[in-house]
Amino acid sequence: LFPTEARFDSHVDDTVLDRIVAPRVEKARHLAARIRAYQQGDLQKYVLYVVVAIVVLLLFNLRLDWLAGQLFGR
């Protein structure tokens, strides 16, 4: 006497989201999880990281100045 309940579902895949955005977000999450070990709130480590980065950049800059002098005879 009464009809049975009817239902219709439809889904269209989002190609950009599924193939481009989602994999990159997942890679960023994994990278952030690996970097999290360095972010434990130890101020002395942060200061050490900054000092090491500055020294590396200064050495890199000095090396480039020396190389430019050798190449261009300055």
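Tutor: On a 1 Å grid over the protein atoms alone, a cavity is a set of points where a 1.4 Å probe fits but cannot get out, and lining residues have an atom within 4 Å of a point. Grid points are joined across faces, edges and corners, and a volume is the space filled by probe spheres set on the points. This is a predicted model, where local features need pLDDT of at least 70, side-chain atom pairs count only at pLDDT 80 or more, and totals for chains, interfaces and linings use all residues. Residues are numbered from 1 along each chain as its sequence is written, and side-chain values use heavy atoms, leaving out hydrogens and water.

Student: How much space lies in the largest cavity?
Tutor: The structure has 1 cavity of 30 Å³ or more. Its lining includes Tyr-38, Asp-42 and Tyr-49. The space in the largest cavity comes to about 30 Å³.

Student: By class, which residues make up the lining of the largest cavity?
Tutor: Ala, Val, Leu, Ile, Met, Phe, Trp, Tyr, Cys and Pro count as nonpolar, Asp, Glu, Lys and Arg as charged, and the others, Gly among them, as polar. Among the lining residues are Ala-37, Gln-40 and Lys-45. The tally is 4 nonpolar, 2 polar and 2 charged.

Student: Where does H1 bend?
Tutor: Helices are DSSP runs of H or I with at least four residues, numbered from the N terminus. H1 covers residues 15-35. The bend at a residue is the angle between axes fitted to the seven residues ending there and the seven starting there. In H1 this angle is about 35 degrees, with Pro-23 following within four residues, and the bend is at Val-21.

Student: What span does H2 reach from its first C-alpha to its last?
Tutor: The expected span is 1.5 Å times one less than the number of residues. With 30 residues, H2 is expected to span 44 Å. The model comes close to that, at 43 Å.

Terms used
Helix = DSSP H or I, 4+ residues; strand = E, 2+ residues; numbered from the N terminus. 1 Å grid on protein atoms, 1.4 Å probe; cavity = no way out; pocket = protein on both sides within 12 Å on 5 of 7 lines; lining within 4 Å.
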